[in-house]
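Trainee: I would like to go through this model with you, one point at a time. Please show it first.

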Amino acid sequence: MYKSIVPIFAGGGTRLPAHLGVLKALEILDVPFTDLVGVSGGSIIASFYASGLSINDIKRIALQTNYNQFREFSLVKLIRHGGLSSGDAFEKWVDLHLQGKTFSQLKMKLHIVATDVTNGKPVIFDAERTPDMKVSQAVRFSMSIPLVFSFKPFGKRIMVDGSILSEDALHRDWDHQGTPVLCFRLRGEHEYDNLNVNGIFPIFNYVTLLIRTFMTTISREYINENFWHNTIVINIGEYSAVDFKMNKEQKHDLYKVGLQTALEIVPIKLAYKHT
């Protein structure tokens, strides 16, 4: 059995099944961990697992859920609240599957990361900092893809997607014991369809293009050489981080990509770290 790690499931948006495949690989490889970190789409998978749901249960939820129900696209919401969707339906969905759990009620030590846009710094939610906070609220903050979900205030902070943070915000001593991290990042090479920018409401297509470009740019961000040995890149091809119409076959393909990549690369990374 390998030594313990702290897995970081970073980013992904609606491509979250890839992170579930990584979790399955860690189980097959018998890689132990007591802490796990979730960012954006990765926070959904991490929170479900930390709550005690099995990988099979999470896979069933991911495959059967129609992501389209979270869109609620509205120009009024975009103008008034900075996002096409309020994110309320998404938060309720997460809370339902977590059975209303707070961080102190989880079976594992979960750390969820979001971004405070007032200062560009990370905000971390976990049992140490926010024990009585509902996990679903933190997931909602971390999953706040700019322009898709409305900005959400948290005290004097304004929360958005944790994916826009720099790498050094994630590579830290999460369990205060020096346990090495292994960060799983999804990298997309999305080939954009030609969107029709004519019609009555072309703003929807313009905003969609902007969001896709922004999220794809983040996923292609250069990995600092100081962190490459702690990072595994999951190349997920042309899947978009904001594809709310993804079908079961596409979700399963993402799961397989995460599983196969982790099965191949994790042993190499852990062998390097322990030599």
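Trainee: Which residues of α6 are buried?

Mentor: This is a predicted model, in which local features need pLDDT of at least 70, side-chain atom pairs count only at pLDDT 80 or more, and totals for chains, interfaces and linings use all residues. Residues are numbered from 1 along each chain as its sequence is written, and side-chain values use heavy atoms, with hydrogens and water left out. Buried means under 20% relative accessible area, exposed over 50% and partly exposed in between (1.4 Å probe, protein chains only). By that cut-off, the buried residues of α6 are Val135, Ser136, Ala138, Val139, Arg140, Phe141 and Ser142.

Trainee: Why is α6 described as largely enclosed by the rest of the structure?

Mentor: Helices (H or I, at least four residues) and strands (E, at least two) are DSSP runs, numbered from the N terminus. Helix α6 covers residues 135-142. It is largely enclosed because its buried residues number 7 of the 8.

Trainee: What percentage of the residues in the protein chain is buried?

Mentor: The protein chain has 8 helices and 10 strands. Of its 275 residues, the buried share is 53%.

Trainee: Which residues does UniProt list for "active site"?

Mentor: The listing comes from an unreviewed entry. UniProt positions are given in the numbering used here, feature names are shortened, and annotations may be inferred rather than shown by experiment.

Trainee: Is Ser40 buried or exposed?

Mentor: Ser40 sits in the loop between β2 (35-39) and α2 (41-50). Its phi is positive, near 55°, in a residue other than glycine. With a relative accessibility of 0%, Ser40 counts as buried.

Trainee: What is the relative accessible area of Gln99?

Mentor: Gln99 follows α5 and lies in the loop between α5 and β4 (109-116). Although Gln99 is not a glycine, it has a positive phi of about 55°. Gln99 is exposed, and its relative accessible area is 66%.

Trainee: How many residues of each class make the contact of α1 with α2?

Mentor: Helix α1 (residues 17-29) packs on α2 at about 45° with the axes 8 Å apart, where axes are lines fitted to C-alpha atoms, for helices over the stretch in contact, and angles run from 0 to 180 degrees between N-to-C directions. That makes α1 oblique to α2 (under 35 degrees is roughly parallel, over 145 roughly antiparallel, 65 to 115 roughly perpendicular, and the rest oblique). Contact means heavy atoms within 4.5 Å, and here His19, Leu20 and Leu23 of α1 meet Gly41, Gly42, Ile45 and Tyr49 of α2. By class (Ala, Val, Leu, Ile, Met, Phe, Trp, Tyr, Cys and Pro nonpolar; Asp, Glu, Lys and Arg charged; the others, Gly among them, polar), the count is 4 nonpolar, 3 polar and no charged.

Trainee: Which residues of α2 and α3 meet?

Mentor: Helix α3 (residues 55-64) packs with α2 at an angle of about 140°, and their axes are 10 Å apart. The two helices are therefore oblique to each other. From α2 come Ile45, Phe48 and Tyr49, and these meet α3 at Ile55, Ile58 and Ile61.

Trainee: How do the residues of the contact of α2 with α3 divide, and what are the counts?

Mentor: The α2 side consists of Ile45, Phe48 and Tyr49, and the α3 side of Ile55, Ile58 and Ile61. The division is 6 nonpolar, no polar and no charged.
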